[in-house]
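Here is a short note for a colleague who is opening this structure for the first time. The points below can be read alongside the view.

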Amino acid sequence: VYKRQAYATMVRNANGATVIANCPNNPVSGVKNSLLSFLGWLEEKKDCSGICTQQPYYYFSDVNRGVPGKACKDPLLDYLDKWYIGAYVVTIIAGVVTFLGTISSLLYICLGTVSYTH
């Protein structure tokens, strides 16, 4: 039924493929593996499928787990909020360090031009 190359890359068990994303002609073919891994993690940890609307089955994790409990929108937003706050703090700290370095450099240039005679 499947091409040999496609079948060799599928996640499968006695019932067939367990991850829809690994089936040939799936709706997410061509998506980067890192994104697929993240979406699989999200589905598995948060019991969700689909971003805006709940899907009737899991795409990126084992479909044998049953019907997903909800859409992934809210868990995804919660996850991004946590990372956004961390990125915001790091950006503010980097900005302050850069600003202080610039001020220090300007002071060094301006004050370094004064010559002292003995």
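1. A disulfide is taken here as a pair of cysteine sulfur atoms within 2.5 Å. The model is predicted: local features need pLDDT of at least 70, side-chain atom pairs count only at pLDDT 80 or more, and totals for chains, interfaces and linings use all residues. Residues are numbered from 1 along each chain as its sequence is written, and side-chain values use heavy atoms, with hydrogens and water left out.

2. How many disulfides does a search of the whole structure find? The search finds one. C48 is joined to C72, with an S to S distance of 2.1 Å. The link of C48 and C72 is right-handed, with 100° about the S-S bond. Both C48 and C72 lie in the loop between α2 and α3, so the pair ties together parts that are 24 residues apart in sequence. (Helices are DSSP runs of H or I with at least four residues, numbered from the N terminus.)

3. Are these cysteines buried or exposed? C48 is buried, at a relative accessible area of 0%, and C72 counts as buried at 3%. Buried means under 20% relative accessible area, exposed over 50%, and partly exposed in between, with a 1.4 Å probe and protein chains only. By contrast, C52 counts as exposed at 63% relative accessibility, and C110 is exposed at 53%.

4. Helix α2 covers residues 33-46, and its 14 residues should span 20 Å at 1.5 Å a residue; the expected span is 1.5 Å times one less than the number of residues. The end C-alpha atoms of α2 are 20 Å apart, which agrees. The buried residues of α2 are L36, L39, G40, L42 and E43. Seen down the axis, they fall within an arc of 160°, so they line one face of the helix; the arc is that of the directions from the helix axis to the C-beta atoms.

5. What do the buried residues of α2 pack against? Their partner is α3 (73-112), where contact means heavy atoms within 4.5 Å. The face of α2 turned away from the buried side carries the exposed residues N33, S34 and K45. Just after α2, D47 takes a positive phi of about 50°.

6. E43, in helix α2, deserves a separate look. E43 is buried yet has no salt bridge, meaning a side-chain nitrogen of Lys or Arg within 4 Å of a carboxyl oxygen of Asp or Glu. The nearest side chain of opposite charge, R65, is 5.5 Å away; Lys and Arg count as positive and Asp and Glu as negative, while His and the chain ends are not counted. Leaving aside neighbours within four places in sequence, E43 is in contact with residues including C48, R65 and C72.

Terms used: Helix = DSSP H or I, 4+ residues; strand = E, 2+ residues; numbered from the N terminus.
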